[in-house]
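Subject: Structure handover

Hello,

Here is the structure we talked about. Please open it and keep it on screen while you read.

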Number of protein chains: 4
Amino acid sequence: MQRLDSQLITQEGDLVLLVSPTNKKIITRLRSGEQIHTHRGVVYHDQLIGVSWGSEIATHTGSTYILLKPSLNDLLLETRRSTQIMYPKDIGYVLLKLGIGEGQIVVEAGSGSGALTMAFAWYIGDSGKIISYDVNENVQNLARKNLSRLGLEDRVIFKNRDIANGFDETNVDALFLDVPNPQDYLHQVHQALKGGGNFGAILPTTNQVSRLLNEFYRFHFGFVEVCEILIRYYKPVAERLRPTDRMVAHTGYLIFARPIKPSSSIGQYKESLP
Amino acid sequence: MQRLDSQLITQEGDLVLLVSPTNKKIITRLRSGEQIHTHRGVVYHDQLIGVSWGSEIATHTGSTYILLKPSLNDLLLETRRSTQIMYPKDIGYVLLKLGIGEGQIVVEAGSGSGALTMAFAWYIGDSGKIISYDVNENVQNLARKNLSRLGLEDRVIFKNRDIANGFDETNVDALFLDVPNPQDYLHQVHQALKGGGNFGAILPTTNQVSRLLNEFYRFHFGFVEVCEILIRYYKPVAERLRPTDRMVAHTGYLIFARPIKPSSSIGQYKESLP
Amino acid sequence: MQRLDSQLITQEGDLVLLVSPTNKKIITRLRSGEQIHTHRGVVYHDQLIGVSWGSEIATHTGSTYILLKPSLNDLLLETRRSTQIMYPKDIGYVLLKLGIGEGQIVVEAGSGSGALTMAFAWYIGDSGKIISYDVNENVQNLARKNLSRLGLEDRVIFKNRDIANGFDETNVDALFLDVPNPQDYLHQVHQALKGGGNFGAILPTTNQVSRLLNEFYRFHFGFVEVCEILIRYYKPVAERLRPTDRMVAHTGYLIFARPIKPSSSIGQYKESLP
Amino acid sequence: MQRLDSQLITQEGDLVLLVSPTNKKIITRLRSGEQIHTHRGVVYHDQLIGVSWGSEIATHTGSTYILLKPSLNDLLLETRRSTQIMYPKDIGYVLLKLGIGEGQIVVEAGSGSGALTMAFAWYIGDSGKIISYDVNENVQNLARKNLSRLGLEDRVIFKNRDIANGFDETNVDALFLDVPNPQDYLHQVHQALKGGGNFGAILPTTNQVSRLLNEFYRFHFGFVEVCEILIRYYKPVAERLRPTDRMVAHTGYLIFARPIKPSSSIGQYKESLP
């Protein structure tokens with residue numbers, strides 16, 4: 001019978017998440033001999049190697065942490081950031097809409113702190129490649145570090161360049177812009193994407209969305225979708241189930257479109273709303 | 001210089017999406033010699049092989065379709081269904097929260113029409129495995145067909161069994177229940193998941209959520225999160241940007257938790273809400 | 001002891017609501033000798049006079065209706081309309097934000113089908129007055145009929161005029177515009193409203209909201225608030241409590257502001273968001 | 001021609017709202033000779049009497065305030081509170097659903113800080129009456145003070161009593177319960193309301209809503225509606241229109257129903273959802 005157990009015991013090189021009872025989170029990669037200085041005492045990496053996932057770990061002062069394998073969600077939320085990062089609620093939907101998957105070639109700009117880059121790199125496998133453009137070198141270096149922490153740096157090529165000069169790549173599967181003025185680069189986007197490839201963008205204001213929509217038809221994009229995704233948390237109490245008092249009301253509008261051949265009857269191809 | 005172009009021209013065996021100007025969608029796998037009978041005339045597979053993605057294709061009556069590479073979102077929305085399927089807005093978030101990724105062992109029940117199974121299979125790569133339980137053989141056969149259409153059937157093991165008798169697998173990375181009474185299987189879930197592994201469920205009513213929450217503490221689960229995800233579409237018109245008149249108000253509540261060792265100070269480990 | 005009972009028995013002249021078991025609604029004013037021809041048989045007004053509110057009434061074919069005193073909500077939802085009417089969720093909030101109350105002088109344009117007019121007239125009492133402008137005489141005649149049905153026509157003065165020529169009134173308490181281009185009338189609004197009076201508007205698109213906001217500062221309005229109100233219904237089933245599957249996603253954006261003296265340090269006075 | 005101007009100049013006895021440039025709000029009733037000590041200096045009531053609404057007022061230190069006539073919304077938001085008060089978004093809708101209007105007899109429990117009481121009293125006119133029950137005398141005294149500040153205390157009768165013992169009133173038009181266990185009082189509610197009268201309640205948790213729904217049918221209530229109202233604010237900036245970052249996610253679920261004669265075919269009468 002086929003063995004289906006996945007790794008039971010932590011080992012050197014694993015990426016781990018430590019969570020304190022007050023929900024302080026630490027993400028680190030296990031290296032024998034190293035140690036973590038927390039506000040609640042010292043944890044030695046050697047304590048964390050060769051134990052079961054889900055174990056409770058004591059610091060030298062007796063405080064405890066739970067040792068977990070971080071989910072992509074954990075990794076995204078703990079991303080070191082110098083810019084606003086995209087939220088998991090948005091990233092999850094972007095992955096599906098852009099059709100991100102194994103072996104794909106995906107272009108993005110800007111790199112930002114690398115949260116979306118991380119998610120893309122996580123899902124394209126070793127046979128795919130992300131090319132990430134940003135004009136800000138400092139920001140991009142942070143993205144690079146965040147990717148390295150996950151061991152995914154080999155899947156990403158960073159380019160410290162202005163996309164106004166165009167993308168080097170052609171015929172890519174998907175292209176995502178997290179820049180304030182995506183409408184200024186639609187010609188470049190069209191040249192980089194394969195026919196009918198997936199374009200996406202995130203924009204905070206309605207004015208920006210209108211400016212982008214206004215240019216889609218000029219540059220032969222169809223199948224346009226504009227949406228926003230809201231996540232509403234509940235207090236997880238069985239006998240008093242209710243939403244939390246406050247929530248994030250807005251991160252950004254998501255816009256998707258696909259380039260179509262100029263010869264096509266473009267205006268006709270519209271995304272139907274489910 | 002590294003070549004980054006992805007496949008430019010369609011070829012035999014590709015999964016393709018045809019979209020009509022009225023947004024009728026057809027998904028098929030290209031087989032030389034076959035044909036598609038549409039309401040708008042016949043399309044020959046040989047017309048669709050060896051052409052550029054994004055091309056406009058004419059039927060024998062002169063109607064046109066655009067030829068696209070389907071995104072995962074397209075595939076999910078066009079899934080043949082005998083049961084309510086999960087929506088992309090929910091699936092995207094579930095992927096991130098459960099930490100689905102390459103090489104993982106993931107268990108789910110029930111199989112349903114296979115929409116979530118498809119998304120899981122899409123993202124675990126060839127080195128991962130999905131084990132999908134369902135008591136309803138007919139429903140499961142449909143899920144199997146939907147997986148085959150994507151060529152992902154080798155990544156999934158279907159088991160036509162009642163999970164009340166437990167899961168065969170132990171130490172799995174993630175486990176998702178889309179059944180009406182998940183609280184009845186938490187013992188089985190705990191035995192199947194690795195320590196601190198990721199458990200998720202979707203439930204339509206608040207009463208069901210309360211019943212599940214009520215059992216988490218008894219069966220040593222912590223890091224509980226309850227949320228709902230709303231997607232609001234906008235009419236994509238630059239000069240008259242506004243939400244659509246109506247929207248889907250509810251698909252289900254998403255619940256996530258992680259099994260913790262009975263020895264742990266369980267009550268203390270709570271998910272913090274972002 | 002003070003008698004606090006309100007009218008127990010229906011009487012000639014009362015406005016009544018009949019509701020069938022399939023939720024068909026009929027609103028009428030009781031007139032001895034008249035009759036109502038329903039799809040379920042004839043009901044005689046004399047049957048409806050002198051009975052208890054909440055009684056079950058039989059038609060001549062034996063079908064039943066419940067006899068109720070209509071709430072303002074019932075009256076609004078059953079308004080005969082030739083245009084899109086405002087929804088109770090929006091109207092309720094507008095009443096409070098505009099400070100509508102007894103004895104107030106309120107101006108509105110356009111009259112539309114009179115739904116908002118009805119709500120204003122309902123709440124200003126006999127000592128107040130609504131002045132309702134519309135360029136479309138047919139629409140305004142419908143509004144007049146809707147007001148008459150409620151017996152509130154004496155509280156409203158309809159003016160079949162273009163507000164570009166200004167309002168006759170000055171120093172009014174509140175002014176509401178339900179027109180596509182409110183920004184074109186801010187000078188007129190400022191002249192009609194008392195200092196610091198309450199201005200409101202409803203607009204369907206974000207572009208219109210931006211155009212209005214853009215003019216507020218030029219015409220000395222402060223305390224600007226923009227919001228939208230969403231109502232989400234639940235299936236009222238104790239054991240399976242959940243939101244309805246679909247909901248109204250958008251009716252319009254509500255915008256409120258107050259005119260300030262040109263001498264004021266206008267820019268400083270901003271509405272704080274609760 | 002009929003004079004339609006409302007009061008142009010402030011006078012002794014008026015309720016006024018002062019707003020600072022930093023949006024600090026002060027509500028007071030004008031009394032010649034009195035003064036207001038603000039963090040920004042002293043304002044003399046005599047400065048505020050006989051001036052135009054909307055005037056800018058200087059304190060003795062030269063700081064400025066705008067002098068406004070408070071809307072009901074302003075009054076509600078500035079209510080002194082010892083308990084959670086209901087929000088305008090909810091109150092506005094409750095007014096319409098309960099059909100609150102001139103001359104009505106309305107019962108409520110508990111009084112709480114009196115926010116809802118204020119709104120009811122504002123809209124029933126001199127010919128109506130509110131009877132407000134609360135077991136907590138201190139809370140009720142605060143509600144009384146809040147009513148007095150508005151000069152509406154004559155419209156409200158406070159009763160410091162447990163509603164388990166029933167209401168004194170019968171045949172009232174509307175009855176609202178803001179108590180944790182409304183399902184325990186449905187018999188009393190039925191006896192107090194006129195046939196088909198309007199019952200409303202607000203409850204924070206889904207479990208409470210289920211418990212209330214569960215009892216409606218036993219006590220012959222029909223036309224049940226459950227909903228929640230969400231208000232989403234936008235940053236009022238013309239060129240960068242977007243929702244605020246965060247919002248109130250939950251205040252409470254609103255539940256409405258109407259008592260029906262036991263003889264009626266109760267189960268049949270259901271509220272239709274718009």
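Below is what was found, part by part.

First, the ground rules. This is a predicted model: local features need pLDDT of at least 70, side-chain atom pairs count only at pLDDT 80 or more, and totals for chains, interfaces and linings use all residues. Residues are numbered from 1 along each chain as its sequence is written, while chains are lettered from A and ligands numbered from 1 in the order in which they are written.

**Chains A and B**

Start with the contact between these two chains. It takes 83 residues from chain A and 83 residues from chain B. Two residues are in contact if their C-beta atoms, placed from the backbone, lie within 7 Å. On the side of chain A that touches chain B, E12(A) gives the most, with 11 residues. That side has 40 nonpolar, 27 polar and 16 charged residues. Here Ala, Val, Leu, Ile, Met, Phe, Trp, Tyr, Cys and Pro count as nonpolar, Asp, Glu, Lys and Arg as charged, and the others, Gly among them, as polar.

A word on names. Helices (H or I, at least four residues) and strands (E, at least two) are DSSP runs, numbered from the N terminus.

How many bridges join E12(A) to strand E12 of chain B? There are 9, and the two strands run antiparallel. Two strands pair if DSSP finds at least two bridges between them. Look at A:Arg232: its bridge partner in E12(B) is B:Glu228.

Now the symmetry. A rotation of 180 degrees, with 0.0 Å of shift along its axis, superposes chain A on chain B, with an RMSD of 0.0 Å. That is the relation of a two-fold axis. In chain A, the C-alpha nearest the axis belongs to A:Gly92, 1.9 Å from it. The superposition is by least squares on the C-alpha atoms of residues with pLDDT of at least 70 in both copies. Of the interface residues of chain A, 100% are also interface residues in chain B, so the copies meet through the same surface.

**Two residues of E12(A)**

A:Ile231 sits in strand E12 of chain A. Is it buried or exposed? A:Ile231 counts as buried because it has 21 C-beta neighbours inside 10 Å. The cut-offs: buried means 20 or more other C-beta atoms within 10 Å of its own, exposed means 12 or fewer, and partly exposed is in between, with C-beta atoms placed from the backbone. Leaving aside its neighbours within four places in sequence, A:Ile231 is in contact with A:Lys89, B:Cys227 and B:Ile229. A:Ile231 and A:Lys89 are 142 residues apart along the chain, yet their C-alpha atoms are separated by 6.8 Å.

A:Phe223 is also placed in strand E12 of chain A. It is not a glycine, but its phi is positive, at about 55 degrees. A:Phe223 counts as buried, with 23 C-beta neighbours inside 10 Å. Turn to chain C for C:Phe223: phi is near 55 degrees there, again a positive value in a residue other than glycine.

**A cis peptide bond**

The peptide bond from A:Ala109 to A:Gly110 is cis, with omega near -10 degrees. A:Gly110 lies in the loop between strand E7 (105-109) and helix H4 (115-124) of chain A. In chain C, a cis peptide bond joins C:Ala109 and C:Gly110, with omega about -10 degrees.

**Helix H7 of chain A**

Which residues of helix H7 (206-216) of chain A are buried? They are A:Thr206, A:Gln208, A:Val209, A:Ser210, A:Leu212, A:Leu213 and A:Phe216. Their cover includes strands E11, E12 and E15 of chain A, helix H7 of chain C and strand E13 of chain D.

**A sheet in chain A**

Four strands form an open sheet in the order E2-E1-E6-E5, with antiparallel pairing. E2 (25-29) and E5 (56-58) stand at the edges, each with a single partner strand, so one side of each is left without a neighbour in the sheet. E5(A) pairs with strand E6 (64-68) over 3 bridges, in the antiparallel sense.

Best wishes
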